[in-house]
Amino acid sequence: MAKKAGGYRCAECGWQTAKWVGRCGECQAWGTVEEETAPAGARVASAGAVSAPAVPIGQVKAEVAHARGTGVPELDRVLGGGLVPGAVVLLAGEPGIGKSTLLLEAAAKIARQQTVLYITGEESAAQVRIRADRIGAIQDRLYLAAETELGALVSHVEKVQPDLLIVDSVQTIGSAQATGVPGGVTQVREVAGNLVRLAKERGMATVLVGHVTKEGSIAGPRTLEHLVDVVLHFEGDRHSRLRLVRAIKNRYGPVDEVGCFDLHESGIEGITDASGLFVSHRTDPVPGTCVTVTLEGTRPLPAEVQALVARTEAQQPRRSSSGLDTYRVTMVLAVLERRLNAKLGGCDVFTATVGGIKLSDPAVDLSVMLAVASAAGDKALPAGLVVLGEVGLAGELRPVRDVRRRLSEAARLGFTRALVPAGSLEVGKRRNGDNSLVPMAGRGAAFAPGFDVVEAENVWDALTHVT
């Protein structure tokens with residue numbers, strides 16, 4: 001049937017245009033706008049063979065879709081219990097951050113009971129063997145092959161019949177059926193689509209390694225994220241041993257869990273108790289620091305927010321943040337200036353987190369505000385204080401979820417007092433005669449002896465209490 005031009009479409013985001021352009025007008029990606037063709041008339045699909053007859057949903061065997069542990073508890077936490085047969089997982093991260101080390105160690109533990117095929121496209125088999133010797137990942141049922149062609153990869157799968165397939169990385173595999181070079185939009189889509197079909201047909205768990213761009217997004221078309229079942233991000237400062245794995249998409253479990261790992265010379269090790277990793281251990285309080293408790297999935301993590309306020313002669317003072325949501329920090333600074341009359345117009349303001357953790361929890365707002373106020377006044381906050389609360393534009397403090405779990409973790413680590421929004425514990429407020437808030441010793445004792453909990457209705461109450 002004759003075809004006619006159907007315009008041009010961006011392979012990354014789907015943006016359409018009537019004429020070809022070198023740069024997408026929506027996602028601003030270069031070289032992703034391709035011509036698409038549309039059929040001249042509608043076609044009616046004919047009946048074809050089915051892979052299996054349809055049955056009542058109650059007769060479908062759900063046991064085959066149960067997750068199987070990888071032997072790495074922190075990775076299982078993020079995956080939602082382990083790898084599901086037939087599931088396709090995309091693990092993305094910067095080059096050299098430790099993705100291959102993590103997967104090789106997990107593959108060795110899985111190979112004690114199942115057959116694992118590790119396909120490396122970036123390194124030679126000898127290089128992977130050297131790493132395996134260093135981390136103790138030698139197993140008889142762990143097979144290794146160095147391939148960069150999709151057809152050869154499929155041949156290895158048919159011969160080995162693995163329960164788990166690891167492809168490191170998907171950007172290095174090319175297909176003869178698609179145009180372009182390996183790593184290009186067309187090639188990545190073709191390779192990923194074939195691997196997903198292969199995994200579903202064989203009930204074979206598959207892990208694809210992907211790199212990220214300088215902007216932090218996964219390299220390749222966005223359709224790659226839609227094809228897979230689970231998307232994990234491997235994060236961390238390359239100058240630090242701490243690594244974090246976050247679930248961005250998960251069809252089989254939660255999407256807000258985080259796994260903590262320690263990368264060292266002899267391999268990578270999960271950190272079961274990550275509390276205290278993101279807090280500076282010092283004896284005396286320092287101006288410009290405030291501790292909060294963020295919630296990563298079901299795991300409460302105490303984290304320290306640091307701020308520095310310095311006078312500047314520049315016409316436009318700098319606002320810089322590391323590990324924090326820049327938009328929320330800017331909003332908190334505006335509330336601090338407008339509601340508390342803080343004079344920050346002629347000052348540079350720098351905010352950061354300790355340990356490389358990234359905080360997007362709204363409960364961090366109040367700790368950012370108090371850290372900046374402490375730095376501007378050059379006065380340290382009280383020792384043993386932990387702060388929770390979301391800051392509104394009117395200066396009110398809004399309750400956050402799972403306050404009791406956060407406070408229990410803070411009390412376990414030795415903090416002695418907490419500042420939370422009013423109504424967080426569903427108990428009425430108590431005030432002194434001068435209308436100032438007082439510690440709720442009765443409620444704090446439920447978390448630990450001597451632990452005090454104070455409620456504040458707005459940012460002025462909060463600042464009055466800590467000063």
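Which residue of β7 does Ile119 stand opposite? Val167 is the residue facing Ile119. The points below start from the model as a whole and work back to that pair.

1. **Model and confidence.** This is a predicted model. Its pLDDT averages 87. A score of at least 70 is reached by 91% of the residues. Two stretches need care. Residues 1–5 stay under 50 in pLDDT. The model gives residues 1–5 10 contacts beyond four places in sequence. Residues 437–441 also have a pLDDT below 50. Where pLDDT is low, predicted coordinates should not be read in detail.

2. **Overall build.** The protein has 467 residues, and 48% of them count as buried. There are 11 helices and 21 strands. The C-alpha trace spans about 85 × 55 × 50 Å along its principal axes. Take the contacts between residues at least 6 apart in sequence: 67% of these join residues at least 24 apart.

3. Strands of a sheet pair through backbone hydrogen bonds, in either a parallel or an antiparallel sense.

4. **The β4–β9 pair.** Strand β4 covers residues 88–93, and strand β9 covers residues 230–235. They run parallel and share 5 bridges. Within this pairing, Leu90 stands opposite Val231 of β9.

5. **Strand β5 and its two partners.** On one side, β5 is joined to β6 by 5 bridges, in parallel. Val116 has Leu142 of β6 as its bridge partner. β5 also pairs with β7 (residues 164–168), again in the parallel sense and over 5 bridges. This is the pairing in which Ile119 stands opposite Val167.

6. **Burial of β5.** Is β5 enclosed or open? It is largely enclosed by the rest of the structure, because 5 of its 5 residues are buried. Both faces are covered. Val116, Tyr118 and Thr120 are buried on one side. Leu117 and Ile119 are buried on the other.

7. **Helix α3 over the sheet.** Together, β5, α3 and β6 form a right-handed β-α-β unit.

8. **Ser424, a buried loop residue.** Ser424 sits in the loop between β20 (417–421) and α10 (441–444). How does a loop serine score for burial here? Its relative accessible area is 7%, so Ser424 counts as buried. A polar atom of the Ser424 side chain lies 2.6 Å from the backbone oxygen of Pro421. Leaving aside neighbours within four places in sequence, Ser424 is in contact with Pro399, Val403 and Glu455.

Definitions and conventions: Residues numbered from 1 in each chain as written. Predicted model: local features only at pLDDT ≥ 70, side-chain atom pairs only at ≥ 80, totals over all residues. Heavy atoms only, no water. Pairing = 2+ DSSP bridges. Helix = DSSP H or I, 4+ residues; strand = E, 2+ residues; numbered from the N terminus. pLDDT = per-residue confidence, 0-100. Contact = heavy atoms within 4.5 Å. Buried < 20%, exposed > 50% of the residue type's maximum accessible area, 1.4 Å probe, protein only. Polar contact = N/O pair within 3.5 Å; in protein donor to acceptor, adjacent residues only side chain to side chain. Right-handed = clockwise from strand over helix to strand, strands pointing away.
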